[in-house]
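Let's take a walk through this protein together. Have the sequence and the model side by side as you read.

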Amino acid sequence: MTADSTQRTGPAFEGRRWMFPSALIHALGPDTERPGRPPRRTARDWVVDFICFLLAVGLGMVGADSVSGDPAIPAAVVAADQILGALACAALWLRRRLPVALAIVLTPVGMASLTASGAALLSLFTLAVHRPFRCTAWIGGVNIVTIPLYVWLHRDPGMPFAADVVLTALLTVSAIGWGLFVRAKRQLMLSLRDRARRAETEARLRAEQAQRLAREAIAREMHDVLAHRLTLLSVHAGALEFRPDAPRAQIVRAAGVIRESAHEALQDLREIIGVLRAGEPDDAGGRPQPTLAALDTLVDECRRAGMEVAFDSRVADPAAVPAVVGRTAYRIAQEALTNARKHAPGTEVTVSVTGARGEGLAVAVRNSPPEGDIPPVPGSGQGLIGLTERATLAGGRLEHGAEADGGFALRAWLPWN
């Protein structure tokens, strides 16, 4: 990952742009208004470039003074040295756009001209900041290897040759090392920014997953609620179809149950669709969710529909049952009664609920074997799968299956702490 070649997509850079390098800003948030063009210099870039230019001019003046003070050097050579140094200092303004070319050109120029040595040193610093380590190692290595030749060409009579070589090598390595340090800091900032973006993306995905799971739970709720209502409709509509000569009182009662069930189903469907449109969980708004206390109403409704239901409730302090546990128990009993009505019509169903705080809540629903052959119902088993998942999510367990006498039993246990 490099600050110059890696193009990241994302929101534009937010913050005080003038305080940051343009290359870093471009890496964090590319300027879409200038595709394929170098990023604009910020105020900080101009200040740093001006300081580098002044530093190169200052070092060049020291070198020019040293060259002009040597009587052994011809005046033409001194003039050429100073001209090369001035051109090298001026070329530093291109260091952000052409760091590699500038470093390559200033390597021989800095060796030939003592006045250009400062500009050559700063070009190595720029190369280390803006280009990968391999490129810096090649060009920097050439500069370090040629240091003895440079010292021999510009020998200082007042300093030993070895000491001059070591000092020049230290300056070169320091410039390259400082550039690598600056580059590492920029890469760290880019890495932290990428990590923050990944964290935001993961958080968004987790939120979407939670929303999807909530909507799946609403879909399961739709199956549990509407299956019960629609089964009532189907049973009584079928009775009216096959018993048109039934007593008027039975027909009126069946029509009343159909009307009531259709009204309740419509309300449930409207509530669920409203929740889906709002994108909120099923506990937000709408009618109150059923609790354990609503089991009596459920059993009475099934009895009015013609089912034989024996209900036994032995729960210590029913009002203390947690809402989630009570709602889960209600849904389990509701689905079990619906299955008994569909797969074993006319049989007696026994519903028992027992439990206490610390022991848990047990729900058992059993129906006797049906009389005669009952045709299979399409889609059978999906409700039991949903109930098993619902009980597991609540921290409990659910078992179901046929018994030896041909009946069917469902047993569930839910935690109650």
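How many helices and strands does the protein have? There are 12 helices and 5 strands, taken as DSSP runs (H or I over at least four residues for helices, E over at least two for strands) and numbered from the N terminus. Keep in mind that this is a predicted model, where local features need pLDDT of at least 70, side-chain atom pairs count only at pLDDT 80 or more, and totals for chains, interfaces and linings use all residues. Residues are numbered from 1 along each chain as its sequence is written, and side-chain values use heavy atoms, with hydrogens and water left out.

Of the 417 residues, 38% are buried, meaning under 20% relative accessible area with a 1.4 Å probe, protein chains only.

Now for the largest pocket, with its volume of about 1000 Å³. A pocket here is an open set of points on a 1 Å grid over the protein atoms alone, where a 1.4 Å probe fits, with protein on both sides within 12 Å along at least five of seven lines; lining residues have an atom within 4 Å of a point. The volume is the space filled by probe spheres set on the points. There are 37 lining residues, and Leu114, Ser117, Tyr150, His154 and Thr168 sit closest to the centre. Helix H8 (161-242) is among the helices that each supply at least two lining residues, and H8 gives the most, with 7.

Finally, look towards the end of the numbering. Strands S4 (residues 397-402) and S5 (residues 408-414) run antiparallel, joined by 6 bridges; strands count as paired if DSSP finds at least two bridges between them. In the hairpin's 5 residues between the strands, Gly406 takes a positive phi near 95 degrees.

Conventions. Buried < 20%, exposed > 50% of the residue type's maximum accessible area, 1.4 Å probe, protein only.
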